[in-house]
Amino acid sequence: MSLLALDDVQKRFGHVEALRGVSFGIEAGSVVGLVGDNGAGKSTLMKCITGIYRADAGSISFDGAAIDDLEPGAIRARGIEMIYQDLALAPQQDVASNIFLGREPTRSFLGLSLGAIDRARIEREAERMIERLGARIPSVRYQVGQLSGGQQQSVAIARALTFEPKLVIMDEPTAALAVREVDHVLELIRELRRQGIAVVLISHRLTDVFAVSERIIALRQGQVIADEPTAQTSMNAVVAHIVGAG
Amino acid sequence: MSASTSGAGFGALLARTGRSTVRVESLIVLALLIAAMAILSPYFLSVSNFLNILLATSVIGVLAIGATYVICSAGLDLSLGSVLGFSGVVGALAVDQLGLPWPAAMPACLIAGGFCGLINGLLVTRARIPAFIVTLGMLGIARGAALVLTNGQPVYGLPAELLFLGQGRLLGIPMPVLVFVGVALIAHYVLAHTTFGRYTLVIGDNEGAARATGIRVERHRVKLYVLSGTMAGTAGLLFMARVNAGDPTAGLNYELTAITAAIIGGTNLFGGRGSVLGTFIGALIMGVLQNGLNLLAVQSYYQQMAIGAVLILAVWLDRINAQRLQRA
């Protein structure tokens, strides 16, 4: 059984049909590329999965249980993490603080928790997380704003990992990076797979999708137009699906 | 903070010792100022003069703590000085007109200040009016209300117990100094080491990121304006107790001085960075400058010029630092 299973998911905004019955499954520990032109429904679909939108019809189940009706926080707690294109980092805070943003471990004093942040633990665990990823970040005390785009992407991925997710959805993680940094982020994605974490990679950069994915799902006008193993398709075939020539 | 990322040396040491976000530059400026004043004036270096500086800084300093929190969250509170005047008047009237026992003046001041802050916060977050406009409006409203309540005349005749808070000493240290330092220590700890402080900085740094990680941005902002108003109330209480009256014109233009102290102390005007310890140093820089120039019998008009120059210099140094880091 698939880790994530979508069955006939539909979503409309007014009289625009954004999703017209999307069905597919994602296996545990696999990397799936999700491609499609602007307006094909990729973002809407991801927002339905992460609970930001509620699908009008169809069902979404994760790890054997329906998640259609859950709030974003609850879905995250089940193990789905989304990394947005803008990364949602605080540039003037350091790496460790960013990794634990919004869920800082606190110390209690005489049984009272006054929200005092356990700084030592944050740094220790942030270092462990960076190490686990094999990310190239000199120190968890660096301000995120001083890091390169690729390093910032690593921080965002490390933050997603602190939730111990089973599935990580990445929205255009390589779009704004230098060539050398792209390779590093792709290596991070392979590392996630090695650790048994499934990845959905949304990208316009087909070379990146072909480099790391096992399967490629193409969306067009709110429908799955192709769902093929990467090894059995070609760049030309995928482009044809995306633009509607295939 | 800016220097804390260099591999070794003083910056790294600062980073290790609790990563307090105090700019090394402001510490150096303060040290240089103290050294210069000590050389220029034989009266400068003494415990009693140092307490004088702290006493003169205490009211502005408490206001500046409120300013620091709000500015760190990329907000602004221009109503601080007026709310100071309003709360002092409310505190004095509570005792003088309502005949409440003297201790009631203390919560009266704080509640009056916090109430103004609550209105600021609700207007900023619910009505979505820019903080500049809301607090500029409150600057007029609070000042006007203070004048209306008192017919423009100071409220005299406060009980002696209350005056102790402004004029008394404990172990030789003036009460306002004790209050200022005590509030500053707590406020510093909260901003630098608790989730409340962290969220304040993150909201100012990247509101979208704060929202995405589940921080309740609007609620937090309301709390910050209430905090800022309560600080203005505390400053109003100290001012009232020190001048022995509920003066409706108290704290005129103090908001700008308080914001200046916060900025000199390293608070980023656009949010995301700042510390109460830094603001404390910023306020001390202004206090030392004023005190020293007074001792040197320099006309007070020049003091205003000097403080203006220090403000511009502080932000300029920041700019240079930021550019250096960009290149690195």
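Hello everyone, and a quick word on conventions before we look around. Residues are numbered from 1 along each chain as its sequence is written, while chains are lettered from A and ligands numbered from 1 in the order in which they are written. Because the model is predicted, local features need pLDDT of at least 70 and side-chain atom pairs count only at pLDDT 80 or more, whereas totals for chains, interfaces and linings use all residues.

Let's start with confidence. The model scores ipTM 0.79 and pTM 0.86. For chain B the mean pLDDT is 88, with 92% of its residues at 70 or more; pLDDT is the predictor's confidence in each residue, from 0 to 100. One stretch to treat with care is residues 1-20 of chain B, where pLDDT stays under 50. The model has 30 contacts beyond four places in sequence for that stretch, a contact being two residues whose C-beta atoms, placed from the backbone, lie within 7 Å.

Now to chain A as a whole. Chain A has 8 helices and 12 strands; these are DSSP runs numbered from the N terminus, helices being H or I with at least four residues and strands E with at least two. A compact globule of 246 residues would have a radius of gyration near 18 Å, and the 19 Å of chain A agrees with that. That radius is taken over C-alpha atoms, and the globule rule is 2.2 Å times the number of residues to the power 0.38. Along the principal axes, the C-alpha atoms of chain A fill a box of roughly 65 × 40 × 35 Å.

How much of chain A is buried? The share is 41% of the 246 residues, where buried means that 20 or more other C-beta atoms lie within 10 Å of a residue's own, exposed means 12 or fewer, and partly exposed is in between, with C-beta atoms placed from the backbone. Among contacts in chain A with a separation of 6 or more, 66% are between residues 24 or more positions apart.

On to the domains, whose bounds come from an automatic or database domain assignment. Domain 1 of chain A is made of 1-79 + 165-246, and domain 2 covers 91-163. Their C-alpha centres lie 27 Å apart. Domain 1 brings 11 residues to the contact and domain 2 brings 13. On the domain 1 side, helix 6 (residues 179-194) of chain A gives the most, with 5 residues.

Inside it, strand 1 and strand 4 (residues 57-62) pair over 5 bridges, with Leu4(A) opposite Phe62(A).

Most residues other than glycine have a negative phi. Asp8(A) counts as partly exposed because it has 13 C-beta neighbours inside 10 Å. Over in chain B, Leu171(B) has a positive phi of about 55 degrees as well. Leu171(B) sits in the loop between strand 1 (169-170) and strand 2 (173-174) of chain B, and counts as exposed because it has 5 C-beta neighbours inside 10 Å.

Finally, where do the chains touch? In the contact, 21 residues of chain B meet 22 residues of chain A. On the chain B side, helix 9 (195-205) and helix 10 (207-212) are the elements that give two or more residues, and helix 9 gives the most, with 6.

Technical notes:
Pairing = 2+ DSSP bridges.
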